[in-house]
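Trainee: I would like to go through the terms used for this structure and the values behind them.
Mentor: Then put the questions one at a time.

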Amino acid sequence: MEIVRRPSHAGSWYTDNPTKLAEELEGWLRESGLTKSPEVRGVIAPHAGYSYSGRAAAYAFGNIDPTSITRVFLLGPSHHYYTPTCALSMASVYKTPIGDLPIDLEVIKELKATGKFEQMTIRVDEAEHSMEMHLPYLAKVFEGHPVKVVPILVGAVNAENEAMYGQLLSKYVDDPQNFFSVSSDFCHWGSRFSYTHYDKKHGPIYKSIEALDKMGMDIIETGDPDAFKNYLMEYDNTICGRHPISVFLHMLRGCSTKIKINFLRYEQSSKCKSMRDSSVSYASAAAKVVP
């Protein structure tokens with residue numbers, strides 16, 4: 001029996017017009033000017049509405065060479081539903097306005113058998129936007145190439161369990177047919193996010209935010225989950241995908257393939273100049289096999 005997850009944010013967070021959506025995505029991918037590389041095995045990309053972060057996200061998805069990839073693991077944070085674990089989808093297909101992505105039920109079954117995952121209801125699944133915002137890009141990039149997805153909702157997982165999930169998922173990294181799409185925005189700055197860290201030595205607020213984000217991005221590039229954890233503890237930067245990123249860092253540490261993350265794009269939704277302002281940062285990265 002087919003269990004469908006509808007594209008619940010289409011028509012609000014991005015257009016539900018298939019022609020318009022395809023054109024938008026193609027335009028952003030073209031503008032990124034990136035060459036597709038079979039060495040790229042994962043991305044970190046934002047998940048805001050496309051009018052905010054669609055362009056930035058292209059700098060992640062534009063790296064993907066779809067020819068040898070048959071499966072995409074999606075790791076996204078949970079915004080509305082509290083769980084201290086990771087949750088698997090109950091759906092058998094994720095729909096997008098520009099094509100459907102079937103769920104890899106075999107792998108879901110395999111993960112379920114570990115006893116470490118819970119299942120989220122379709123309602124929880126459809127309420128969450130963090131993975132959905134990656135789907136149209138994946139549907140576009142993998143057009144004409146059969147691909148299945150393995151969505152994993154990463155809850156408020158503690159450090160010990162981030163390492164446990166990373167270890168458990170690391171074997172999938174060693175299969176070159178697998179790809180990993182990690183969903184995260186970066187700093188959410190302003191009183192409406194209850195986060196107003198400002199280091200005046202950087203000049204205007206937006207420069208301070210950039211310095212803080214770049215510090216985090218540099219640490220992610222080192223691939224060290226412990227250093228990332230320490231950075232988050234010290235600055236409490238409001239990186240909403242901190243848990244998916246941490247799990248991914250543990251996966252890369254635990255696998256046999258040497259993979260290096262590089263950030264290719266950084267943007268802010270607006271330039272904060274006063275304490276009344278607010279902004280969200282978007283950063284896109286590619287995880288590439290090191291020869």
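This is a predicted model: local features need pLDDT of at least 70, side-chain atom pairs count only at pLDDT 80 or more; totals for chains, interfaces and linings use all residues.

Trainee: What makes strand 3 and strand 8 a pair?
Mentor: Pairing needs at least two bridges. Strand 3 and strand 8 (residues 148-154) are joined by 7 bridges, so they pair, and they run parallel. Arg71 has Lys148 as its bridge partner in strand 8.

Trainee: How do you know that strand 3 also pairs with strand 9?
Mentor: By the same cut-off of at least two bridges: 5 bridges join strand 3 to strand 9 (residues 178-183), therefore these strands pair. They run parallel, and Phe180 of strand 9 stands opposite Phe73.

Trainee: How many aromatic pairs does the structure hold?
Mentor: The structure holds 11 aromatic pairs.

Trainee: Why is the pair of Tyr14 and Tyr50 called tilted?
Mentor: The ring centres of Tyr14 and Tyr50 are 5.4 Å apart, and the planes stand at 40°. Tyr14 lies in the loop between strand 1 (4-5) and helix 1 (18-32), and Tyr50 in helix 2 (residues 50-61), 36 residues apart, so the pair links distant parts of the chain.

Trainee: Why do Tyr14 and Tyr50 count as buried?
Mentor: Buried means under 20% relative accessible area. Tyr14 has 4% and Tyr50 has 3%, so both are buried.

Trainee: What makes the pair of Phe73 and Tyr172 tilted?
Mentor: Their ring centres are 5.0 Å apart and their planes at 45°, so this pair is tilted. Phe73 belongs to strand 3 and Tyr172 to helix 6 (residues 159-173), 99 residues apart, and the pair links distant parts of the chain. Phe73, at a relative accessible area of 1%, is buried, and Tyr172, at 8%, counts as buried.

Trainee: Which residues do ring pairs link into a cluster?
Mentor: The cluster is made of Tyr14, Trp28, Tyr50, Phe61 and Tyr137.

Trainee: How do you know that Arg5 lies over the face of Tyr94?
Mentor: The distance from the ring centre is 5.5 Å, and the cut-off is within 6 Å. Arg5 is listed as lying over the face of Tyr94.

Definitions and conventions: Residues are numbered from 1 along each chain as its sequence is written. Side-chain values use heavy atoms; hydrogens and water are left out. Helices (H or I, at least four residues) and strands (E, at least two) are DSSP runs, numbered from the N terminus. Rings of Phe, Tyr and Trp (its six-membered ring) pair if their centres lie within 6.5 Å; planes under 30 degrees apart count as stacked, over 60 as edge-to-face and the rest as tilted. Buried means under 20% relative accessible area, exposed over 50%, partly exposed in between (1.4 Å probe, protein chains only). A charge sits over a ring if NZ of Lys or CZ of Arg is within 6 Å of the ring centre and within 35 degrees of the ring normal.
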